[in-house]
Amino acid sequence: MSEKKTSIGGQALIEGIMMRGPEVSAMAVRLPDGTIETETWPTEKGGMKPWYKKAPFIRGIFNMVDTMKVGFSCLMKSAEKAGMEEEQPTKLEIWLADRLGASATKVMNAVAVVLGVGLALLLFIVIPTGVTSLLRPVVPGGQLLALIEGLVKTAIFVCYLSLASRLEEMRRLFSYHGGEHKTIACYEAGEELTVENIRRYSRFHPRCGTSFLVLVLLISILTASFISWDNPLQRMLLKLLTLPVVIGVAYELIKLAGRHSNPVTRLISAPGLWLQRITTNEPDDSMIQVAIAAMEPVIPTDPTADEW
């Protein structure tokens, strides 16, 4: 098997990994008894990607929302399978279960998503704009203010990831993230998926969610430099409205960087690869075994079906 660039991508889970292939997706989780449980499902309902997930620039926002939805669902499932949800339910969970029955979990998950999005908007739009607005009387020019705002946003992002990486649960999650990357790299190199082979590959990969988020951050900083500072609230709203465009451009760049290797794409990938030093760790052999269990079911029978 020759080298290739695959469209197969994945996500680290709680004691597991999820992989998405062109036809089949799978998640593998290490259970408390030490065994690996693997679950598969069709990647696309009906087997075909809709046009809006394939059209350049438009596809970015739709694919990101779909990835977040599937990823969050798998993350919650993996926590349950790994035995991390065996503690006593909270009063709120009991109250919701009494009134909503089987729908309580869906409601709790929806609330968690809303809170997560709200926190992201607070950290990366409200706080950077609000803090930088205080400097308007002493900092001349909107371009310099935009640069300062971008530095504040970047500092928040890096500090957030650095603090998260100190938690034991996150360190293990980041190790599974490294295992996901190494397994995909081994597959792209055309080697057999064994622990020994996978162990030799890098835990850094140009087509990664971390790299995508870095590109979104950098492009949003550039876009924000053209938005007026006359009204901070209006500036926040305009930044929010331009976010789909930013995501669309970042998605096309990450696809370009994943498909080609040249000075331009290496420059595009460099910030994300650097940040992966925080968001990936070296996996142990048991984690690589989980990555293999998630990867094997999603590899298509037609070797051209997953070309990137």
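The conversation below turns to the sheet, the helices across it and a surface patch.

Guide: Please keep in mind that this is a predicted model.

Visitor: What order do the strands of the sheet follow?
Guide: The open sheet has 4 strands, arranged as β1-β2-β3-β4, and their pairing is antiparallel.

Visitor: And which ones are the edge strands?
Guide: The edges are β1, residues 9–13, and β4, residues 36–42, each of which pairs on one side only. From one strand to the next, the twist averages 15 degrees.

Visitor: How many bridges join β1 to β2?
Guide: There are 5 bridges between β1 and β2, the latter covering residues 16–20, and the two strands run antiparallel.

Visitor: Which strands does helix α1 lie across?
Guide: Helix α1, residues 59–81, lies across β1, β2, β3 and β4, and runs at about 35 degrees to β1.

Visitor: What about helix α5, at what angle to β1 does that run?
Guide: Helix α5, residues 168–188, runs at about 155 degrees to β1 and lies across β1, β2 and β3.

Visitor: Changing topic: which residues form the nonpolar patch on the surface?
Guide: The patch consists of Leu119, Leu122, Val126, Ile127, Val131 and Tyr160, which together have about 470 Å² of accessible area. Helix α3, residues 104–133, gives the most to this patch, with 5 residues.

Visitor: Where does Ile127 lie, and why is it called partly exposed?
Guide: Ile127 lies in helix α3. Ile127 counts as partly exposed because its relative accessible area is 32%, between the limits of 20% and 50%.

Technical notes. Residues numbered from 1 in each chain as written. Predicted model: local features only at pLDDT ≥ 70, side-chain atom pairs only at ≥ 80, totals over all residues. Heavy atoms only, no water. Pairing = 2+ DSSP bridges. Axes fitted to C-alpha atoms, helices over the stretch in contact; angles between N-to-C directions. Contact = heavy atoms within 4.5 Å. Patch = residues over 30% accessible without salt bridge, like charges linked within 9 Å, V, L, I, M, F, W, Y side chains within 5 Å. Areas by Shrake-Rupley, 256 points an atom, 1.4 Å probe, with all protein chains shown as cover. Salt bridge = Lys/Arg side-chain N within 4 Å of Asp/Glu carboxyl O. Buried < 20%, exposed > 50% of the residue type's maximum accessible area, 1.4 Å probe, protein only.
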